[in-house]
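Colleague: I would like to learn how to read a model of this kind, one feature at a time. Where do we begin?

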Amino acid sequence: MSSYPQNNRTYQIIHAAQAGKYAVGGFCVYNYDGVAAVVRAAEANNSPALIQFFPWTIHFQGKHFIQFAADLAHSAKVPIALHLDHCIKPEDAEIALQLPFDSIMVDGSLFDEEGNIAYVKSIVQKAEKVGQTVEAELGRMEGGYKDVLEVAEGSGVFTEPEAAKKFVQETGVHFLAPSFGNVHGPYPEPGAERWWQMDRLRRIREEVGDVCPLVLHGTAISDDLLKKGIEAGFYKVNQNKMVRRRYMKFLAEEAGKYELTDLQEKGVQIYAEEIGEMMKLLGSVGKA
Ligand SMILES: [Zn+2]
């Protein structure tokens, strides 16, 4: 019998990816179609996956939808975990700890360094009691999504490698999202290749080691750069808009032409296909 955190679903999925040197997708979704598309893509490609919500889902769709998504994820034929992304408000973290998430990301990036350590440590201790694992951000990535998080241009803070080691040791956090020039949403000109600090990333990875796998946020990037990121040691890669472009286009162009049943079935199929292509790029196909 394995015990915490080895018995945690997110922990198992990410550590298997680290051992196998591939990345698993953390797919941010907002509705039934998104949840169903991740499950279908994962099963069709024999791939592990993470379904991710923002706190918005807790508030807008409510706890029954979280339970539904957890049931769907946990009854899939392949390992799928349910994760909460960017939980910024401490009161949301308290709610999330009572919900059937396998893991939560607490975003204490707006605290100072010591405040972030104290906050994340307190959440890790509470999460252990309910069997959840915890991802945290150190430094502060710019950009964001409307109604979710928004960090103004010029107020980003890079992760210092030595501070990352201290942060992981003192908080006991399970997964770390570093800030090394990555941003949420579109990258400023001339693109992510220019802004990613690969040397900083290498040093962070050296300091943190295999104990705490790194998570890549800010993935509106080229396929080539994504591959470089995986080679540099990201084993969980968050995905949001990049895997629902065709789904959104389909809805925008075809909504008036189909019955709602057909629209949803075709929409989920298109969404799942684009997620499946991302799974191939990440290297998680066939790894379930
Ligand atoms: Zn993020």
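This is a predicted model: local features need pLDDT of at least 70, side-chain atom pairs count only at pLDDT 80 or more; totals for chains, interfaces and linings use all residues.

Colleague: Which protein atoms are the donors of the zinc ion?

Modeller: They are NE2 of H86, NE2 of H184 and ND1 of H217, lying 1.9 to 2.1 Å from the zinc ion. Along the chain these donors follow the spacing H-x97-H-x32-H.

Colleague: Are H184 and H217 buried or exposed?

Modeller: H184 counts as buried because its relative accessibility is 4%. H217 is also buried, at 2% relative accessibility.

Colleague: What does the UniProt record say about H86, H184 and H217?

Modeller: The unreviewed UniProt entry covers them with the annotation "binding site". They are spread over 132 residues of sequence but cluster in space, with a largest C-alpha distance of 11.6 Å.

Colleague: How does one read the angles at a metal?

Modeller: The ideal values are 109.5 degrees for four tetrahedral donors, and 90 or 180 degrees for six octahedral ones. For the zinc ion here, the protein donors are H86, H184 and H217.

Colleague: Which residues does H217 touch, leaving out those up to four places away in sequence?

Modeller: H217 touches D85, H86, M105, E135, M141, A177, N182, H184 and N238.

Colleague: Which annotation covers D85?

Modeller: In the unreviewed UniProt entry, D85 carries the annotation "active site". D85 is found in strand β3, which covers residues 80-87. At 2% relative accessibility, D85 counts as buried. Apart from residues up to four places away in sequence, D85 touches C28, Q52, F53, F54, P55, M105, H217 and N238.

Colleague: How should I read a pair of aromatic rings?

Modeller: Such a pair is described by the distance of the centres and the angle of the planes. In this model the count comes to twelve aromatic pairs. For Y11 and F175 the ring centres are 6.5 Å apart and the planes are at 50°, so the pair is tilted. This pair links distant parts of the chain, with Y11 in helix α1 (residues 9-20) and F175 in strand β8 (residues 175-178), 164 residues apart.

Colleague: Are Y11 and F175 buried or exposed?

Modeller: Y11 counts as buried, at 14% relative accessibility. F175 is buried, with a relative accessible area of 1%.

Colleague: Which residues form an aromatic cluster?

Modeller: Y30, F54, W56 and F60 form one aromatic cluster. A ring can also have a charge over its face: R194 lies over the face of W195, at 4.3 Å from the ring centre.

Colleague: What should I know about side chains in a strand?

Modeller: In a regular strand the side chains alternate between the two faces of the sheet. Take strand β11 (residues 234-239): six of its six residues are buried, so β11 is largely enclosed by the rest of the structure.

Colleague: What are the phi values of K21 and N46?

Modeller: K21 has a positive phi near 55°. K21 is found in the loop between α1 and β1 and counts as exposed, at 58% relative accessibility. N46 has a positive phi of about 50°. N46 lies in the loop between α2 (32-44) and β2 (49-53), and at 36% relative accessibility N46 counts as partly exposed.

Notes:
Residues are numbered from 1 along each chain as its sequence is written. Side-chain values use heavy atoms; hydrogens and water are left out. UniProt positions are given in the numbering used here, feature names are shortened, and annotations may be inferred rather than shown by experiment. Helices (H or I, at least four residues) and strands (E, at least two) are DSSP runs, numbered from the N terminus. Buried means under 20% relative accessible area, exposed over 50%, partly exposed in between (1.4 Å probe, protein chains only). Contact means heavy atoms within 4.5 Å. Rings of Phe, Tyr and Trp (its six-membered ring) pair if their centres lie within 6.5 Å; planes under 30 degrees apart count as stacked, over 60 as edge-to-face and the rest as tilted. A charge sits over a ring if NZ of Lys or CZ of Arg is within 6 Å of the ring centre and within 35 degrees of the ring normal. Donors are N, O and S atoms within 2.8 Å of the metal (3.2 Å for Na, K and Ca); water is not among the atoms, so sites may look incomplete.
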